[in-house]
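Let's take a walk through this fold together, strand by strand and helix by helix. Keep the model open beside you as you read.

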Amino acid sequence: MSTYWGLHCVTCDESTDHFANHGEAAIRQYAQLRELICGGDDFDRLNIEIDGYSWMTGDLDDFWRRHAGHNIMLGNEYGESEAL
Ligand SMILES: [Zn+2]
């Protein structure tokens, strides 16, 4: 069974697309960069990719910045959440 995951902001009840099929590990890996991403646009000069989902990093960076300091979790297409 496919399970597509993305990010969910609990504080705002807002989610990204559910773009990563069984992609929890990759999203968690990228989430470790959250503080750097939210630190400023200089982060955009770095060429960092999520395995298999490099096309999504710009959208994720925007999401991290719009929800800086908020409670963000993994969320899937079935409405389930997991801690990052
Ligand atoms: Zn938020």
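What follows goes from the overall layout to the sheet, then to the core and the loop beside it.

First, the ground rules. This is a predicted model, so local features need pLDDT of at least 70 and side-chain atom pairs count only at pLDDT 80 or more, while totals for chains, interfaces and linings use all residues. Residues are numbered from 1 along each chain as its sequence is written.

The protein chain has three helices and five strands, and reading along the sequence gives β-β-β-α-α-α-β-β. Helices here (H or I, at least four residues) and strands (E, at least two) are DSSP runs, numbered from the N terminus. Along its principal axes the C-alpha trace spans about 40 × 30 × 15 Å. The radius of gyration is 12 Å, which agrees with the value near 12 Å for a compact globule of 84 residues; that radius is taken over C-alpha atoms, and the globule rule is 2.2 Å times the number of residues to the power 0.38.

How much of the chain is buried? Of the 84 residues, 23% are. Buried means that 20 or more other C-beta atoms lie within 10 Å of a residue's own, exposed means 12 or fewer, and partly exposed is in between, with C-beta atoms placed from the backbone. As for contacts (C-beta atoms, placed from the backbone, within 7 Å), take those between residues at least 6 apart in sequence: 56% of them join residues at least 24 apart.

Now for the sheet. Strands count as paired if DSSP finds at least two bridges between them. Start with E1 (4-9), and look at its partners in turn. Five bridges join E1 to E4 (residues 72-76), and the two strands run antiparallel. On that side, histidine 8 has methionine 73 as its bridge partner, and tryptophan 5 stands opposite asparagine 76. E1 also runs antiparallel to E3 (residues 20-21), with two bridges between them; here tryptophan 5 turns up again, bridged to alanine 20. E2 (residues 14-15) pairs with E1 as well, in the antiparallel sense over two bridges, with cysteine 9 partnered by glutamate 14. E1 and E2 make a hairpin with four residues between the strands, where aspartate 13 takes a positive phi near 55 degrees.

At the other end of the sequence, E4 pairs with E5 (residues 81-82), again antiparallel and over two bridges. Leucine 74 finds its bridge partner in glutamate 82. This is another hairpin with four residues between its strands, and glycine 79 in the turn has a positive phi of about 85 degrees.

On to the core. A nonpolar core here is a set of buried Ala, Val, Leu, Ile, Met, Phe, Trp, Tyr and Cys residues joined through C-beta atoms within 7 Å. The largest one has 12 residues: Trp5, Leu7, Ala20, Ile27, Tyr30, Ile37, Ile50, Met56, Leu60, Phe63, Trp64 and Ile72. E1, H1 (24-31) and H3 (57-66) are the elements that give it two or more residues, and the largest share, three residues, comes from H3.

So which residues of H3 are buried? They are Leu60, Phe63 and Trp64. Seen down the helix axis, the buried residues fall within an arc of 100 degrees, so they line one face of H3; the arc is that of the directions from the helix axis to the C-beta atoms. They pack against E1, H1 and H2. Leucine 60 touches Leu7, Thr16 and Tyr30, leaving out residues up to four places away in sequence. The face of H3 turned away from the buried side carries the exposed residues Gly58, Asp62 and Arg66.

Isoleucine 48 counts as partly exposed because it has 13 C-beta neighbours inside 10 Å. Setting aside neighbours within four places in sequence, isoleucine 48 is in contact with Leu33 and Thr57. Methionine 56 lies in the loop between H2 and H3 too, but counts as buried because it has 21 C-beta neighbours inside 10 Å. With neighbours within four places again left aside, methionine 56 is in contact with Phe19 and Ile50.

Terms used: Contact = placed C-beta atoms within 7 Å.
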